[in-house]
There are 4 protein chains.
Amino acid sequence: MIIILKSGTPVEEITRISQEVSETWGVTVEKSVGTHKAVLGLIGDTTSIDKLQVQEFSPWIEQVLRVQQPFKRVSREFRHGEASEVVVPTPNGDVYFGERHPIVVVAGPCSVENEAMIVETAKRVKAAGAQFLRGGAYKPRTSPYAFQGYGESALDLLAAAREATGLGIVTELMDAADLSAVAKIADIIQIGARNMHNFSLLKKVGAQDKPVLLKRGMSATIDEWLMAAEYILASGNPNVILCERGIRTFDGKYARNTLDLSVLPVLRSLTHLPIMIDPSHGTGRSEYVPSMAMAAIAAGTDSLMIEVHPNPAKALSDGPQSLTPDKFDRLVQDMSVLGKVVDRWSTPAFGRVGESRILFTPELSK
Amino acid sequence: MIIILKSGTPVEEITRISQEVSETWGVTVEKSVGTHKAVLGLIGDTTSIDKLQVQEFSPWIEQVLRVQQPFKRVSREFRHGEASEVVVPTPNGDVYFGERHPIVVVAGPCSVENEAMIVETAKRVKAAGAQFLRGGAYKPRTSPYAFQGYGESALDLLAAAREATGLGIVTELMDAADLSAVAKIADIIQIGARNMHNFSLLKKVGAQDKPVLLKRGMSATIDEWLMAAEYILASGNPNVILCERGIRTFDGKYARNTLDLSVLPVLRSLTHLPIMIDPSHGTGRSEYVPSMAMAAIAAGTDSLMIEVHPNPAKALSDGPQSLTPDKFDRLVQDMSVLGKVVDRWSTPAFGRVGESRILFTPELSK
Amino acid sequence: MIIILKSGTPVEEITRISQEVSETWGVTVEKSVGTHKAVLGLIGDTTSIDKLQVQEFSPWIEQVLRVQQPFKRVSREFRHGEASEVVVPTPNGDVYFGERHPIVVVAGPCSVENEAMIVETAKRVKAAGAQFLRGGAYKPRTSPYAFQGYGESALDLLAAAREATGLGIVTELMDAADLSAVAKIADIIQIGARNMHNFSLLKKVGAQDKPVLLKRGMSATIDEWLMAAEYILASGNPNVILCERGIRTFDGKYARNTLDLSVLPVLRSLTHLPIMIDPSHGTGRSEYVPSMAMAAIAAGTDSLMIEVHPNPAKALSDGPQSLTPDKFDRLVQDMSVLGKVVDRWSTPAFGRVGESRILFTPELSK
Amino acid sequence: MIIILKSGTPVEEITRISQEVSETWGVTVEKSVGTHKAVLGLIGDTTSIDKLQVQEFSPWIEQVLRVQQPFKRVSREFRHGEASEVVVPTPNGDVYFGERHPIVVVAGPCSVENEAMIVETAKRVKAAGAQFLRGGAYKPRTSPYAFQGYGESALDLLAAAREATGLGIVTELMDAADLSAVAKIADIIQIGARNMHNFSLLKKVGAQDKPVLLKRGMSATIDEWLMAAEYILASGNPNVILCERGIRTFDGKYARNTLDLSVLPVLRSLTHLPIMIDPSHGTGRSEYVPSMAMAAIAAGTDSLMIEVHPNPAKALSDGPQSLTPDKFDRLVQDMSVLGKVVDRWSTPAFGRVGESRILFTPELSK
């Protein structure tokens, strides 16, 4: 259930209403203050709450609505239609993820292999235009005998790359026992597709402060994915970015997964959270990455994650889906042309999108 | 197996080689003459043919290669990498489908409902920029009690719309018994997703002259889809356009199907045939259509099929996925901006793409 | 909508009610007379029919109910819970398919290859206990270059095998043009998985008399499958057997398809039609066939279709999933032990199941 | 790579060979001693090991073979075809899981709700013939707002039920932090479908002694499932039981998941580990459970897990798929009839299967 307050409601009145609602019905109240109006979200058992009775709490209350979806805090309804933004501080400045901001580019190798390799890659992707470096210290691998990542020592190398370039760091957490080590160097903590349903881990990243990149499980429905995000928000962390990385279907012969770009309009209507697309895992083949990255931009993504490796043929993992730094450089150039057309690009991408025309007329989706 | 001939090989020599190869090994030989070189494709049991022996047939033979794929005539290898184009004569002039041509737009209602409606829709989509009108006379419906299309009388209405606007007509054939009636008015014959594996029907449209739009079966693999196209080419009709319309996955709650845009780079590398994307069936909801149409353009589609209905709420079929003419008009405007950026747009779209820069650098995919 | 008549309703009264209902509301009325009561099914637009008004037509009317499912004639509700049976005359006598009859075994090769082979196989499967011979004259093949079946001449060989053994013949129809030729020799006409959505073909087999074996499409939902059967019944042919043959899922490495045995309890509750299981196509590997055949019996199937080939290694199609006659012989022996335990076996299987205890207590499913 | 030793090889010789192989090539050597012969499995980088050189280590070596599969310790090849058994001590005696033992029945509610309920259910399922009680203390739930299990206090209630009945306890572990608490009372630790790809957790249950029940991930391929088991064995715990619980497909309208019974013959040929089938989660509806349980027995399962709740309508989770104790009682009676026919039943089921005829002739699968 949400309470929409009139424009100009005094802060003390918002506080008073929150407290009274909370005390009367034993629910948690969360405020989200947008440009024009404030919205109070009620979490807990709201089935017995009478809308009219709430309405009478204050003349500043414009409307009281029930949230129809099973997900509450992540739903767009819960913020009365307003998008949220995730702000991530990096050495180079704050980076904003969200539908009113330029597209954020995350790039780097599947796994951190050694210092020279990760620092060099960081420099190359920064020069090309990326704001974040990705790189795995802990790697979920199908086989126990496959390379499992260099763990904590790889985290140190990511820190070195961060220092050398000022890029923010995105790296995956697989085990709650590594949370403090990962959180120390990561600017964004990634939860991988295989752990999207690891509810214990979701609760733990929800109970700390670093933003979370939540990849879609390989056969997770949209509802399940949003409920996984809800676990994180319900544990206290509102900074979640949703990342589509391809789903499992009946055909994996050419593209290893099926990149589901329709999540862009679908999620946009269901949730206020920012969206990232990963065409590298999404297709599993570097030659398919450019066209899918371009498609993601045209379809309205807020961010892209692209694998880049200085020597894909010798990568310790996921070589076939990695671009070389040169190809990545040319792709970002193409992306920038398209990004400017849809008014979602800035160099460097640390600002807010201007007021110029947005190509993809938003009302069309209404 | 294919024989690549040197640039400048005389026509008589091509004919001579074809005949000799054909007589020596009992295979069928198909010529495809490109801008720079000619390629002879050998169909039949080629396992016993010795490449060196073929090489000796003529000094004009540059190279002899085996086609690795199970599909032969549709494979890109079979034309030694050269794309094909499908040319469709319409009252307004010839329309070209292919990767070196402007994007072709097909629009119209799911089914033909009455003359006023179809003619009015045709005028609107033409004014917006479409080159073809789609409309179902015969409708494959899950329920025998649902509206099955007006059949032959609907074909007459399509003819009227064609006459009124000069647009080409795309309409579905479900039953070989209706082939001559459909072929009489259709400029392109559509084989729907449910009949992609109806091999008898494929053979029949392969044995006539009208171009064929082959929709992907709802759970057809890429290989199966190309083999279905191979049935048509093997029966004698080289004019096939492949249309992705969404596949069936585990989640159909929001988007009814999962539009698989990765077919664009995948098919591009496997086949020389032109590609169309249908975001209307691909998502099943009109509000998702614009972003998927834009994505398809950015990813390199040759054509789009979009459902448009003057009054979607009252449509006899598939209303929820149809745009109104007004929304379609605005979408085409957005599409044209993007189409020009990728150098795949012309008004009217009846020419060849110029030599200006193509946004999506083709070498990236190499 | 259905009208349930009281036990003992006179035939003339049934006729009178049917006519009056039909005339009053313009619906089609279909009678199904069971052991204890008769049920009238109303097909057409029944939304405006008032149940109470129907009730007053006759004191013999016990109850008037609406059918909730989108499928009508095939739904179990439509016969007020009573199973139907499909009776197929064969030279050896009538064979009954249905949940109150012994399990019917259909066996034979994927395709008819030559007379010696098909007659020999027929003799072997008959000796082992089969009641029907299967064998393809027309074969749906992914590749146009693969063996497509010997067509009409293969039908003659099936006729010879029928004459030699007295077995009934099950063979596939792919093209309406072959219907009269196929119907002349087939005792049951098979519609294959790839044509389950070929509505034109469904209407045509619905408009003739031979029983139809309707295979489930490789990604057809239960509802779509039942609606396909509804097409046949709606066209006038009530003799349909539903055959599960494996669905397409994300894993085809070991078992080629995923045999969905849960259709047995699911279909049993939804439809009155008899059910067949095909573990050969369902798994694609002969070594998996025996355990799946046994499972199907334990789960309550009415019939089994099993591929048998005298020399699987040399089969023109589907060799890997075919049993040798020896292995089939031993499998039927095992099946008979289990079939007797569940009281669904008779030798020869041309009778009605006795009154002895049925292992799988039916009330458990309530 | 495996080394098969001749029948009668002295223990000291086995030890000597193990040590020498280990020292020469730096691999880990694992012994499995069967009835007739011993097999040494070599784990590590065996690519450079020459088979002939190994052969010369001892005249007791019968054969040296490479394991072709990506999974090593779990593969059937690794034990040269011999099945393994998992022995679980319970207050009522040791229970054996494996293809040469009677079918083991695990039953109980989805979650532990209170002491009376769990003790009563334990008594009822024991009386019906179960050897294990299942019950969730920690529940993986899609929604963070749904009942998450009573956690540690529920573990105490399971201990009470164990004490009251002597049944072994199977309960799920979701978080490594709860491992010692769970291991203290569980006789078998369950890893749920959502955590099958949680490699950190797999390693942790692999590094302790309690047997592990590994459920198949909802869209895990057979290979991925076996590799997950390999993680546990590679960490030191050989006691793993594989549990099929239904996979995610395109149709969840009636059966919530698709129970993949073909895993029985498939896994039997690939792995030596025991197999359990869970028809309750596998179908999601109690009325489908009996026929699928019977099918699993006929197809050769080693064990069954069935949800039983004293009052399904009021269950805190998964009520629709739970049988009442009465229905479970009748199902076990039916199961026992079938179990005896296939010679996989004993009352009580704590012995070894006798030498009587096995219905499902094993050679058929060869």
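Let's start with a salt bridge between B:Arg248 and C:Glu224, whose closest N and O atoms are 2.5 Å apart. Keep in mind that this is a predicted model. The pair crosses between chains. On one side, B:Arg248 sits in the loop between strand S12 (240-244) and helix H8 (263-270) of chain B.

How many salt bridges does the structure hold over all chains? The count is 72.

Now to chains D and C. Two salt bridges are found across their interface. In one of them, the side chain of D:Lys253 meets that of C:Asp223, at 2.6 Å from N to O.

Which helices of chain D supply at least two residues each to the side that touches chain C? They are H7 (222-234), H8 (263-270), H10 (289-298) and H11 (325-341). Helix H11 of chain D gives the largest share, with seven residues. Sort that side of chain D by class, and you get 27 nonpolar, ten polar and 13 charged residues.

Next, the extent of this contact. Chain D brings 50 residues, and chain C brings 50 residues. About 4,200 Å² is buried between chain D and chain C. Carbon and sulfur atoms give 68% of that area.

How are the two copies related? Turn chain D by 180°, shift it 0.0 Å along the axis, and it can be laid on chain C with an RMSD of 0.1 Å. The two copies are therefore related as by a two-fold rotation axis. The same surface serves both copies, as 100% of the contact residues of chain D recur in chain C. Which residue of chain D comes closest to the rotation axis? That is D:Ala295, with its C-alpha at 2.0 Å.

Last, an annotation on chain A. UniProt, in an unreviewed entry, places the feature "domain: DAHP synthetase I/KDSA" at residues 92-334 of chain A. In the model, residues 92-334 of chain A are 37% helix and 16% strand. The end C-alpha atoms of that stretch are 24 Å apart.

Note on methods: Residues are numbered from 1 along each chain as its sequence is written. Chains are lettered from A and ligands numbered from 1 in the order in which they are written. This is a predicted model: local features need pLDDT of at least 70, side-chain atom pairs count only at pLDDT 80 or more; totals for chains, interfaces and linings use all residues. Side-chain values use heavy atoms; hydrogens and water are left out. Contact means heavy atoms within 4.5 Å. Buried area is the accessible area (1.4 Å probe) that two parts lose on being put together, summed over both. A salt bridge is a side-chain nitrogen of Lys or Arg within 4 Å of a carboxyl oxygen of Asp or Glu. Helices (H or I, at least four residues) and strands (E, at least two) are DSSP runs, numbered from the N terminus. Ala, Val, Leu, Ile, Met, Phe, Trp, Tyr, Cys and Pro count as nonpolar, Asp, Glu, Lys and Arg as charged, and the others, Gly among them, as polar. Copies are superposed by least squares on the C-alpha atoms of residues with pLDDT of at least 70 in both. UniProt positions are given in the numbering used here, feature names are shortened, and annotations may be inferred rather than shown by experiment.
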